[in-house]
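I opened my notebook to look up how the chains meet. My entries follow the display.

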Amino acid sequence: MIIGEQKPVEEIKNMLGDAQRILVLGCGTCVAVCMAGGEKEAALLATALRMATKLDGQEKEIRDYTVQRQCEFEYNENAAELIEWADLIVSIACGIGVQTVNEQFPAKRTVPGLNTTFLGRPDTQGIWVERCQACGNCVLDLTGGVCPIARCAKSLLNGPCGGSQNGKCEVNAETDCAWQLIFDRLSALGMVDLLMENQPPKDWSTSRDGGLRKIVREDMQL
Amino acid sequence: MNDGSNLSKLFASGQFAVSAELGPPKGTDIGVIEKKAAYLKGNVDAVNVTDNQTAVVRMSSIAVAALLVQMGLEPIIQMTCRDRNRLAIQADLLGAWALGIRNVLCLSGDHQSFGNHPTAKNVYDIDSVQLIQMVKGMGDSGQFQCGDPIEGESPAFFVGGAANPFGDPFDFRPLRLGKKAKAGAQFIQTQMIYNVPKFAEYMKRVCDLGLHERVYVMAGVGPIKSLGAARYMASKVPGMDVPDEIVQRMQDAPKEKRQEEGVQICAEIIQQCREIPGVAGVHIMAIEWEETIPDIIQRTGLFPRPTSPE
Amino acid sequence: MNTTFEPQITAFTCRYCGGVPADMAGSRHLAYPPNIKIIALPCTGKVDAQYLLSAFEQGADGVCIFACDPDNCHHISGSKRAAKRVAFVQSLLQQIGFEPERLEIFHMGLGQAEEFVCIIENMTARIRELGPNPLR
């Protein structure tokens, strides 16, 4: 899922400008799971912004509302009335949600209260870890299910580099070396021979490098 | 054997080859290069020119190498994957060939977080194995990586790679050398060796795989400048193995004698590595201490160097 | 610094080691400052960041949590969770522009009625020093 982290209160407050009626818009999907932008977080942020702006001597009306999923027009319709009421919307959905609300309600300005950080999963409670880079050409079958693009700091396809030591990456001693993990996994599966194949240079055109991506399913279109 | 490369010819003639590193200046001063080159000329067979080593910006490897060619030395340019994509690399290589450079060492490159521009975007379009394959392909088939033909003379570089006998997973390291050999590497330079028995173990596995007959392995060595340097390498540099005895020797030496001890340790390691089967040469890394090279060469009996065989 | 105002303090307690001392102090008629609003929860693990922030938004000058000792929580880990949430809200208060010292968690043993009184008195003195809620 998409993982994000709320921006500091100060930074969000500085985006409010002269707006008098502010809607903090949360999202009930990915960002709720990573406890950054869901219903509870929206309510708490609204409280914090009310307190902070009042301390600054400002009289702003700040309300909050949370939709099921901010990346879909039909769910955002439920927030239409409040969006209409607001001068400014602070969205604490991921960057996709922020852009969707801007596209769906272009007469209103929606600003980001969250930094979208990565694609990943929850580890233990309170910890989220990165796993995928959305490169558009998945090779997890060749690496025993460990992604070298996301988890190797150099995105090597024929790793490890010389800096792998004690199973850790040279960039961060707490980060597992992806290629150690790949080697261990393939060893356990009896498939180390896969590593003796030299992988050719990656086609990055399926990734962000190739330009904005789009998928069309004609069989699904109405 | 690559006709254009003196280093290649030296290996082919069965002689033990010696290379050393030259760190480019963090600026535009050619005088720095001339000074370092003076220590190396006649003392080594080839000179590695580093490429934004440890992700700190220095004069480009190719520019410095071109100057070395003018000075009558044999450079090996280092090419990393961190800062350039496959287009820039190939373009640079065409230029390097035109400037008289004949040897390339292919590396992944230290991550930019180590250096002085940690907020930069990194490239890593290809990795070192793919780079070796691409460079070898340019020479062997006269084609760019995309398959288009290269106009004119094919740049048949003498292609090298790096190996770290002390990195993890240890069991995979000789196999990874095999990957580089398969990709077309012709010579290999290793990470600095202080743990000779472990390196010997690595070389045994390399020889068991028959790789010593496919690539020329150069043992990486380096003099230790101070006790602090020894401790730093022992604990802070990923992929380095510095045994306690080495650190202890530096500590036991009186302070004014430590640099001498650091040079002596290097000379001893060179001599020990010469005895290990499969070792075809030595690569001396005395970054910012190039003035010790002549002394090291003298102590190990590697002086004089053979002139380029014809 | 305002020496004449009476601090309004909201205290969240659990029904065990956090709350019993407060009850005991009451039943033993131990005097303590009167402007304390006690909100009893089944466990301090129920304390949400929202409760703490809302208490300040609604005018509390100070907020305390009285919880079980972290190694002796009746519900095992409730008071540990409460402690973490208090730390989180203290940091949030700082970002908002409030003094984080207005909020604190105290870990109690069952019979500590006198300690309860002492804590309330100290907290009241602290808040008096800090002044009224900045929002007022």
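This is a predicted model: local features need pLDDT of at least 70, side-chain atom pairs count only at pLDDT 80 or more; totals for chains, interfaces and linings use all residues.

**Entry: A with C.** Chain A puts in 13 residues, and chain C puts in twelve residues. Next I asked which helices of chain A each supply at least two residues of the side that touches chain C. I found helix 1 (9–13) and helix 3 (39–55). Helix 3 of chain A gives the largest share of that side, with ten residues. I then sorted the residues of the side of chain A that touches chain C by type. Eight are nonpolar, one is polar and four are charged.

**Entry: A with B.** I turned to the other side of the story. Here 23 residues of chain A are in contact with 26 residues of chain B. I sorted the side of chain A that touches chain B too. I noted eleven nonpolar residues, ten polar residues and two charged residues.

**Entry: all pairs.** Which chains share the most contacts? Two pairs of chains are in contact, and chains A and B share the most contacts of the two. I also checked chain B against chain C. They do not touch. Their nearest C-alpha atoms lie 26 Å apart.

**Entry: domains of A.** Last, I looked up the domain assignment of chain A. It gives domain 1 as 2–118 and domain 2 as 135–210. How many Å separate the centres of domain 1 and domain 2 of chain A? Taken over C-alpha atoms, the centres are 37 Å apart.

Definitions and conventions:
Residues are numbered from 1 along each chain as its sequence is written. Chains are lettered from A and ligands numbered from 1 in the order in which they are written. Two residues are in contact if their C-beta atoms, placed from the backbone, lie within 7 Å. Helices (H or I, at least four residues) and strands (E, at least two) are DSSP runs, numbered from the N terminus. Ala, Val, Leu, Ile, Met, Phe, Trp, Tyr, Cys and Pro count as nonpolar, Asp, Glu, Lys and Arg as charged, and the others, Gly among them, as polar. Domain bounds come from an automatic or database domain assignment.
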